[in-house]
Amino acid sequence: MSLVAILVTILQLALCSIAIATNSFPDFQLLNVNETLTGTKMFMPLGLSETDDHRGKWSLKLVHRDKLLPPIDSSTLHNHGRRFHARMQRDVKRVASLLRRLPGKGTHDGDAAYQVNDFGSDVVSGMDQGSGEYFVRIGVGSPPRSQYMVIDSGSDIVWVQCQPCNQCYRQSDPVFDPANSASFSGVSCGSSVCDRIDNSGCNAGRYCRYEVMYGDGSYTKGTLALETLTFGRTVVKNVAIGCGHVNRGMFIGAAGLLGLGGGSMSLVGQLGGQTGGAFSYCLVSRGTDASGSLVFGRGTMPVGATWVPLLRNPRAPSFYYVGLSGLGVGGVRVPISEDVFRLTELGYGGVVMDTGTAVTRLPSSAYNPFRDAFITQTTNLPRASKVSIFDTCYNLSGFVSVRVPTVSFYFSGGPVLTLPARNFLIPVDNMGTFCFAFAPSGSGLSIIGNIQQEGIQISFDGANGFVGFGPNVC
């Protein structure tokens, strides 16, 4: 890396850290165009590494899906444009899936309907496998069989594909066989655990049947069981998981899904007092060689973070809502009514943080003035045609770096989070086209996506009802 690139990177990290920690909000920062484009051309498939020890805590590797395995179509391997378009197609389905699970399909007044101990793992991104965006690797059963699992902060069930597999999608590891696990135990139909599952039933009058349908047409069906999960050196017994015998959809590459939602059947909910409802993750930035991390336990809660209250929606208990009051561009708050982001008593609207959605969605009444403010402060940059769901794009080919206005989230109560430039101006091809990484929603629901979360330590303190940003970058 050149000295200029190093200095630019240090400046970007300093801007992010200053904005979080001291509430000093600069009005511009530099986007290193060359470095970002180099990242789009790198594709280093991830080896099947195990968990690592981070500062004395067991932490799972968290990786983006494009590092898990090369795609079937080798022509897509180094083509960032194709990977980007595939990601946007998945993202549209993901947003539709979330909205279908909300009261009134996520509508807001006046809007139209939008048809143990601390332990963890590294987090991997899984972009080209056809499934969720980020993966972790854990052990399932006794002895533990290593499996890649999609992490999903908007889901409340843990499940894995199981033998005999009547219908299974392709995964990178052998399909889990419960017959080879000494700790596998089917949950009976009359169990209280079975009663906590939506759409539960009975298989052969004996074992609890589960099925989960996702809004994009994906589904998993099978038997509910108690099983041992292994996270590095930490062994957690009697976790209720779905043993899926009929599975289909956007999970290709992963063995199943690790639900981290706010409900009682998610992994976080089941661990309960063992972790105090606390977990932290760092989503690795795109185009880097590094892995992020997912860590569980109260000991993971950082000192010096900016803490924002979590809001509860009884009609959507899986989702993590935060109080967003406004948006800023160039250090100036955009004139948007706080009511646009309000979670109503009936469960409409609000702002959800989601690991499975890539691009932050905002109601049009917020997105339009926000976008216009950004355009007004970037008249020095050459524009490009719109791409996919993005209507504000720039031709930055030939630039080494560019000066861009800062973008900030204003949270209820005063905290302000100012994003690194790479979290809101992203490359959509290998040629230098960058787009403003926000999109309008046809719903009253706002979603803070994983592109905006990348590189920032994010911690959920479920017991006390807070989410923290920083103080570390990752």
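The following questions and answers concern a predicted model.

User: In what order do the four strands of the open sheet lie, and which are the edge strands?
Analyst: The four strands of this open sheet pair in the antiparallel sense, in the order β20-β19-β26-β27. An edge strand pairs on one side only. The edge strands are β20 (332–333) and β27 (416–418).

User: Which residue of β27 is the bridge partner of Y410?
Analyst: Strand β26 covers residues 407–411 and runs antiparallel to β27, with three bridges between them. In β27, the bridge partner of Y410 is V416.

User: At what angle does helix α6 run to β19?
Analyst: Helix α6 is formed by residues 364–376 and lies across two strands, β19 (324–329) and β26. Its angle to β19 is about 20 degrees.

User: Which element gives the most residues to the largest nonpolar core?
Analyst: The largest nonpolar core has 73 residues. L258, L267, L294, F296, F424 and F438 have the most contacts inside it. The element that gives the most to this core, with five residues, is α6.

User: Is P382 buried, exposed or partly exposed?
Analyst: P382 is found in the loop between α6 and β23 (383–384). Its relative accessible area is 33%. Buried means under 20% and exposed means over 50%, with partly exposed in between. P382 is therefore partly exposed.

User: What separation do the C-alpha atoms of P382 and N395 have?
Analyst: P382 and N395 are 13 residues apart along the chain. Leaving aside neighbours within four places in sequence, P382 is in contact with Y394, N395 and F399. The C-alpha atoms of P382 and N395 are separated by 5.5 Å.

User: Which residue of β33 is the bridge partner of P309?
Analyst: Strand β17 (residues 306–311) and strand β33 (residues 466–473) run antiparallel and are joined by four bridges. In β33, the partner of P309 is F466.

User: Which residue in the hairpin of β32 and β33 takes a positive phi?
Analyst: Strand β32 (residues 456–461) pairs with β33 in the antiparallel sense over five bridges. I456 stands opposite V473 in β33. The hairpin has four residues between the strands, and the positive phi, near 75 degrees, belongs to G465.

User: What pattern do the disulfides of the chain follow?
Analyst: A search of the whole structure finds five disulfides. With bonded cysteines counted along the chain, the pattern is 1-8, 2-3, 4-6, 5-7, 9-10.

User: How many residues apart are C162 and C243?
Analyst: C162 and C243 are joined by a disulfide with an S to S distance of 2.1 Å. The link is left-handed, with -125 degrees about the S-S bond. C162 lies in the loop between β8 (158–161) and β9 (185–186), whereas C243 lies in strand β13 (residues 234–248). The pair links distant parts of the chain, 81 residues apart.

User: Is the disulfide of C194 and C208 left-handed or right-handed?
Analyst: The sulfur atoms of C194 and C208 are 2.1 Å apart. C194 lies in helix α4 (residues 192–195) and C208 in strand β11 (residues 207–213), so the pair ties together parts that are 14 residues apart in sequence. The torsion about the S-S bond is about 85 degrees, so the disulfide is right-handed.

User: Which strands does the disulfide of C393 and C435 tie together?
Analyst: The S to S distance in the disulfide of C393 and C435 is 2.0 Å. With 100 degrees about the S-S bond, this link is right-handed. The two cysteines are 42 residues apart in sequence, and the strands that hold them are β24 (residues 393–395) and β29 (residues 433–436).

User: Is C435 buried or exposed?
Analyst: C393, to which C435 is joined, has a relative accessible area of 0% and is buried. For C435 the relative accessibility is 0%. Since buried means under 20% relative accessible area, C435 counts as buried.

Conventions: Residues are numbered from 1 along each chain as its sequence is written. This is a predicted model: local features need pLDDT of at least 70, side-chain atom pairs count only at pLDDT 80 or more; totals for chains, interfaces and linings use all residues. Side-chain values use heavy atoms; hydrogens and water are left out. Two strands pair if DSSP finds at least two bridges between them. Contact means heavy atoms within 4.5 Å. Axes are lines fitted to C-alpha atoms, for helices over the stretch in contact, and angles run from 0 to 180 degrees between N-to-C directions. A nonpolar core is a set of buried Ala, Val, Leu, Ile, Met, Phe, Trp, Tyr and Cys residues joined through side-chain atoms within 4.5 Å. Buried means under 20% relative accessible area, exposed over 50%, partly exposed in between (1.4 Å probe, protein chains only). A disulfide is a pair of cysteine sulfur atoms within 2.5 Å.
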